Amino acid sequence: MYLAHVLRDGSVAEWDPHPNDSVTCLVLQGGTLYVGGSFTEIGGAPRRYLAAVDTRTGLASRWDPEPDWYVFALAARGRTVFAGGAFTTMDGQPRQFLAAIDARSGKASTPLPEPDSWVRALLVHQDHLYVGGEFYHVDGEARRMLARIDLQTHLLTSWDARLFGEDIEYGPSASVLSLQADGNALFVAGLFSAVSGLDRPGLAAVDVRSAAASAWKPQIELNADFAPHFDVVLVHDGSVYVGGSTGGPGARYAAAFDEITGMLSAWDPRTNGEVFTFAATDSTIYVGGQFSSLGGVERHNVAALDAVTGEATPWNPDANHQVLALTVSGDAIYLGGYFSRLGAVPRHNIGVVDRATGAATAWNPYSNGPVFSLAVGRGVVYAAGWFDIIGGADRSFLAAIDSASGSATAWDPQANDIVNVVVASDSAVYAGGWFYRIGGGARSSIAALSPGTGRLLAWDAACDHNVVNTIAVGGGVVYFGGSFRRVGGQGRSGVAAVDSVTGAVLPWNPVIMGGTTLSPVVNAVAVDQGHVYVGGDYFEVSGESRSCLASFDRQTGALTVWNPTANNPVRSLWASDGVVYAGGNFSSILNEPHAGIAAILDPPTAAKQPVAAVIGNSDGLVHLSRVAPNPIQTVATIRFSLPRALAVTAAIFDLQGRRVANLRDGGIESAGEHEVRIQTAGWAPGCYLYEFEAGGLRRTEKLVVLR
């Protein structure tokens, strides 16, 4: 999560530093990868916002500069790592928004000139460090959004490109967000309107010798009511690729301009949503984001585009019926479900498509019944479902398919009833379902099997004979859910946690009650950071109202305040970075229309904390309500009350730490009740951070914008 190593063939390596929050910038020096972001753990060690990770093992080194807040940009030269962000200290030394750090010791080195606001972009080019961000001054000298520091003297130079831009009311701050250089041309992307007195909305080329804007002027279609902004710029093979939004006709979120003329090239994906990232090869630009079509061709959220024309490639698996399971391994994407075709190729309920082309490969196990779950092991793909023939062999409900030939292996646990879910690890294959015999012995509804033989392991959760619908494994714990009432001889109402080695039932014990069938049913369990999310068919948890969705503390099992209130059963869950995606047959969440699928925010709150958070101080209490509604479609409100006149700051940032809206600017607010309105028109759908500060005390809440 948040950080991965993608190999040349497109597969994902096993290397996994596993940061616990967002990564916003990387720089590679030899065998060390320097990583910045909003994480507090990475590579198996506590590291706040900045770390060095071994490129072979994924483990964090002893290098630990300890900035006091987020890092947004990194660059390196020789024995020095340069960091920019929102921090004010580095290695315990005062370093405001910009720091030079020894690449070996992690100690803050020679102080650099200080910007007066956040740094968003860094670039080492020739003998200089270029710094971009939201600042107005550097070391007290006027330098709006862009400055240059001499790497020999570490002093601010007289070079000044004279950028101009205005902060948008209730919107993002004027800023430089990305820098790239090609020879004597410095390409600058962000939210600004002019460079060196010349009209250059959001994108410009600046001469590194004179600091003057060059004649290069991108052909951007403008909207009088919308300030164009560009989040990323990439120079490649004579073209300048950008990602962002112009707000003009077609509202381009990705575009390519000729590096010499600035003319908009034929490369025009015409996405109907926003592109968040892309990479380049000699012939292809890969884009990722939130969209359902590119260039008028149906594609969902990721596509491969021709670097010259911008047309979508033929990558399009096109399953003709329900897909219930997906898993990725190397160049292959495995699919399971009820389908009978992938593209024009007959594939019954199980298949694989090429990760590069999207075409179904020759791998064809053929299942005579639906496949509910898939997991990849060493050289095999485990399939669970409601079948008795798969991979050319008789296999009842659970099988291992050779990942090369598509034939069933000798691995044959012979479950006596439906298997709903399979999860694989190096030491065990966990299966859950309706069975009471599997792997040559008696196991009720859940079992651990040998990956080599398919025989039962000693691990036994001793679930009463009912049904297990879902399994999640993490941190040495097996979480599972279904409609059972007892596990290991102890009362457990549809959800339980068991030690993954011993099978011992853990004290973690949410009490779930009710449902449309009178007994509670858990259909889905997801684990994210410190929470366990449970979806199903129920209406009460631990004596409190919870309709079909709830969140529990991962350590104690205590119910949290999170309460989305689905009006009908939840069938599936996926959680990441505090956003919980739910699927089922509900029609509303939080009393707002959401048919069948929803993205729901879960801010990090203490279990059973009151909905209205209270921040205490010696002079009284600041009462702050949560953002409502959340998720937001157009408008939301937050209310606060002050015990006395206090300075109030309120702003919204995206997950990269970029300010999206200024709601309160630090002015004095009177004692009493106040209200802040959040308007999201023009914002990209996704997750944001809301920050409120009053009387020197700060609270951060995550919010989600939906369209």
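How many helices and how many strands make up the secondary structure of the protein? The secondary structure comprises 0 helices and 68 strands; helices (H or I, at least four residues) and strands (E, at least two) are DSSP runs, numbered from the N terminus. The model is predicted: local features need pLDDT of at least 70, side-chain atom pairs count only at pLDDT 80 or more, and totals for chains, interfaces and linings use all residues. Residues are numbered from 1 along each chain as its sequence is written, and side-chain values use heavy atoms, with hydrogens and water left out.

**Overall composition**

Of the 707 residues in the protein, 54% are buried; buried means under 20% relative accessible area, exposed over 50%, and partly exposed in between (1.4 Å probe, protein chains only). The accessible surface amounts to about 29300 Å², and carbon and sulfur atoms contribute 51% of it. These areas come from the Shrake-Rupley method with a 1.4 Å probe, and for residues only the protein chains shown count as cover. Among contacts with a separation of 6 or more, 39% are between residues 24 or more positions apart, where contact means heavy atoms within 4.5 Å.

**Nonpolar cores**

A nonpolar core is a set of buried Ala, Val, Leu, Ile, Met, Phe, Trp, Tyr and Cys residues joined through side-chain atoms within 4.5 Å. The largest such core has 42 residues, of which Leu74, Leu122 and Leu129 touch the most other members. Strand 6 (residues 71-77) supplies the largest share of this core, with 6 residues. With neighbours within four places in sequence left aside, the contacts of Leu122 include Leu74, Phe82, Leu98, Leu129, Tyr130 and Leu179. Another core, of 23 residues, lies apart from it and has Ala636, Leu642, Ala661 and Tyr688 among its members.

**Aromatic pairs and charges over rings**

The structure holds 15 aromatic pairs. Rings of Phe, Tyr and Trp (its six-membered ring) pair if their centres lie within 6.5 Å; planes under 30 degrees apart count as stacked, over 60 as edge-to-face and the rest as tilted. Two edge-to-face pairs are tabulated here.

| Pair | Centre to centre | Angle between planes |
|---|---|---|
| Tyr130 and Trp159 | 5.3 Å | 75° |
| Tyr334 and Trp363 | 5.0 Å | 75° |

Tyr130 belongs to strand 12 (residues 128-133) and Trp159 to the loop between strand 15 (146-150) and strand 16 (163-164), so their pair ties together parts that are 29 residues apart in sequence. Tyr130 is buried, at 0% relative accessibility, and Trp159 is buried at 4%. In the other tabulated pair, Tyr334 lies in strand 31 (residues 332-337) and Trp363 in the loop between strand 34 (350-354) and strand 35 (371-376), so this pair ties together parts that are 29 residues apart in sequence. Tyr334 has a relative accessible area of 6% and is buried; Trp363, at 5% relative accessibility, counts as buried.

Ring pairs also join Tyr49, Trp69, Tyr70, Phe72 and Trp118 into a cluster. Over the ring of Phe72 sits the charged end of Arg120, 4.5 Å from the ring centre. A charge sits over a ring if NZ of Lys or CZ of Arg is within 6 Å of the ring centre and within 35 degrees of the ring normal. The charged end of Arg144 likewise sits over the ring of Tyr136, 3.7 Å from its centre.

Strand 53 (residues 540-541) is joined to strand 54 by 2 bridges, and Glu540 stands opposite Ser545 in strand 54.

**Individual residues**

Asp139 is located in the loop between strand 13 (137-138) and strand 14 (141-142) and is partly exposed, at 49% relative accessibility. Ala211 occupies the loop between strand 21 (203-207) and strand 22 (229-236) and is buried, with a relative accessible area of 4%.

Arg571, in strand 56 (residues 570-576), is partly exposed at 47% relative accessibility. Arg571 and Val534 are 37 residues apart in sequence, and their C-alpha atoms are 10.0 Å apart in space.

Methods. Pairing = 2+ DSSP bridges.
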